[in-house]
Amino acid sequence: MDQVLVASGLSQQPAEAVAPVAVTHVRSIIAGMGGYLPERIVTNAELAASVDTSDAWIRERTGISQRHIASEHETCAFMATAAARAALADAKAEPGEVDAIILATATPDQAFPSTALRVQAALGCGGFGFDLSAACSGFIYALSMADSLIRSGAARGVLVIGAEVYSRILDWTDRGTCVLFGDGAGAVFVRAGVGNGTGADQGILSTHLHAQGSLGDILYVDGAVGRPEKSGHLVMHGREVFRHAVTRLTETVTEALAANNLPQSAVDWLVPHQANLRIIDGIGRKLGLPPERVVVTVDRHANTSAASVPLALAEAWADGRIKRGQLVLMEALGGGLTWGSVTRAHLAETIYTQVGLSRNESADLLETVLARMSTALESGESIKISGFGTFSVRQKGRRIGRNPKTGVEVPILPRRVLVFRPSQVLKAQVNHMALPTDHGDDE
Ligand SMILES: CC(C)(COP(=O)(O)OP(=O)(O)OC[C@H]1O[C@@H](n2cnc3c(N)ncnc32)[C@H](O)[C@@H]1OP(=O)(O)O)[C@@H](O)C(=O)NCCC(=O)NCCS
């Protein structure tokens, strides 16, 4: 079977609205962010009046001092719609620009239609949409799916939402869980952008998703619509989850940096899942990030599950802490177990997008190529780069090149030309990290 055509029922959007975009340099750019928190705030002291706990215990063990709890009308769809509207407004985007909605939630309004489509109807946009279930990692998973849709050309504008009403699935007599969670929604609007392959480009650099179903019983909801005898409450083995959270999240953060060949010091902001301040501090320390580079909302929002990362992102964006073009690292872990991370920044991805290598390989290759080019130029060799951006130029009848590391212009002697053809040559050679040696005549 060489080719497969997959069609999915009704499409409200004509085909041309989601026409594929060129693969070269396509980036998923987070163009707008927004959030919604229920009006009602419940403090630790209020909780201590109904369960055997105290403000001091909750603060000391979790960093939480209050949470927002949804009223009856503040459903998952209601909050998601409000957050989505805010994200679209922030991006200065019209509902018509939305090709897809991916809504991460464990607490949808209904089994179906998906809450994503309730949001679609409320916003009056077309395209397609679906809910995604990955518990507290839901937003990271959804953003990764949006990135794939955009990179593949299947969508150009994607609303990614995390919305939760955990207050409806908590056992309010279980002090071990009911003090930890809150309600809310966060959203981002992700737009396809075309970069020029330089360091000025913006976009999602990489996403890393993981899951281990065998750990499903350390954090779960013990019921669902498929088990009508049980409506379901959240159950958690806190210590176990804590242990896995620190280990797995540190791993995935390290993985994200390694995949992009970035040092820890390159991270401008860590936007972590907001479950427990001790977990957040632990990962910040392992990353060597000072606390002022870590966005924290758990003290005021508690754990809003899939909504926690986009809510934190939207808050730090709205108050001017996060600025466009900075390197932002997001991570989350949740029931499943599921975990993952997303890095977002401006970085050249020419080799990655054009040659199809991994980012690690691309970064290594770029370094090797730059070093080789510098040496070649310094020794008077001329260079021709095909299909890879223009390097040499003519100026006043004389060919000059620019040292890519120093930016200094160097005259090119019209002798022999080292030819780089990344699409044909480099891909084949990258495993050995060897540079092409074929020399051709100058034009
Ligand atoms: C839940 C969590 C805060 C508990 O902290 P902990 O230091 O591990 O505490 P333990 O569960 O070991 O409980 C210690 C004691 O505090 C008690 N306790 C639990 N909740 C309490 C509360 N709200 N108030 C007062 N005491 C409480 C326990 O009953 C236990 O008492 P015991 O020693 O008499 O049995 C912590 O394990 C945690 O944050 N885990 C990860 C949670 C998480 O990230 N979940 C979401 C992932 S998406």
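**Figure 1. The loop between β12 and β13 (338-345) in the predicted model, with Leu-337.** The peptide bond that runs from Gly-336 to Leu-337 is cis. Its omega is near -20°. Most peptide bonds are trans.

**Figure 2. The cis peptide bond between Phe-112 and Pro-113.** Omega of this bond is about 0°. Pro-113 sits in the loop that connects β4 (100-104) with α4.

**Figure 3. Packing of helix α3 (residues 76-91) against helix α4 (residues 115-123).** The two helices pack at an angle of about 55°, and their axes are 9 Å apart. Angles from 65 to 115 degrees would count as roughly perpendicular and those under 35 as roughly parallel; α3 and α4 are therefore oblique to each other. Their crossing is right-handed. On the α3 side the contact is made by Cys-76, Ala-77, Ala-80, Thr-81, Ala-84 and Arg-85. Thr-115, Arg-118, Val-119, Ala-122 and Leu-123 make the contact from α4. By class, the residues of this contact are seven nonpolar, two polar and two charged.

**Figure 4. The shell of residues around the ligand.** The ligand is surrounded by 21 residues. The closest of them are Thr-53, Cys-136, Gly-238, Phe-242 and Ala-275. Two or more residues of the shell come from each of α2 (55-62), α6 (175-178), α7 (238-259) and β12 (328-334). The most is given by α7, with five residues. The shell divides into eleven nonpolar, seven polar and three charged residues.

**Figure 5. Asn-261 in the loop between α7 and β11 (269-272).** Asn-261 is not a glycine, yet its phi is positive, at about 55°. Most residues other than glycine have a negative phi. Within 10 Å of Asn-261 there are 16 other C-beta atoms, so this residue is partly exposed. The cut-offs are 20 or more for a buried residue and 12 or fewer for an exposed one.

**Figure 6. Ser-305 in the loop between α9 (298-301) and α10 (308-318).** Ser-305 is another residue other than glycine with a positive phi, here near 55°. Ser-305 counts as buried because it has 34 C-beta neighbours inside 10 Å.

Key: Residues numbered from 1 in each chain as written. Predicted model: local features only at pLDDT ≥ 70, side-chain atom pairs only at ≥ 80, totals over all residues. Axes fitted to C-alpha atoms, helices over the stretch in contact; angles between N-to-C directions. Helix = DSSP H or I, 4+ residues; strand = E, 2+ residues; numbered from the N terminus. Parallel < 35°, antiparallel > 145°, perpendicular 65-115°, else oblique. Left-handed = near helix turned anticlockwise from the far one by under 90°. Contact = placed C-beta atoms within 7 Å. Nonpolar A, V, L, I, M, F, W, Y, C, P; charged D, E, K, R; others polar. Near = placed C-beta within 6 Å.
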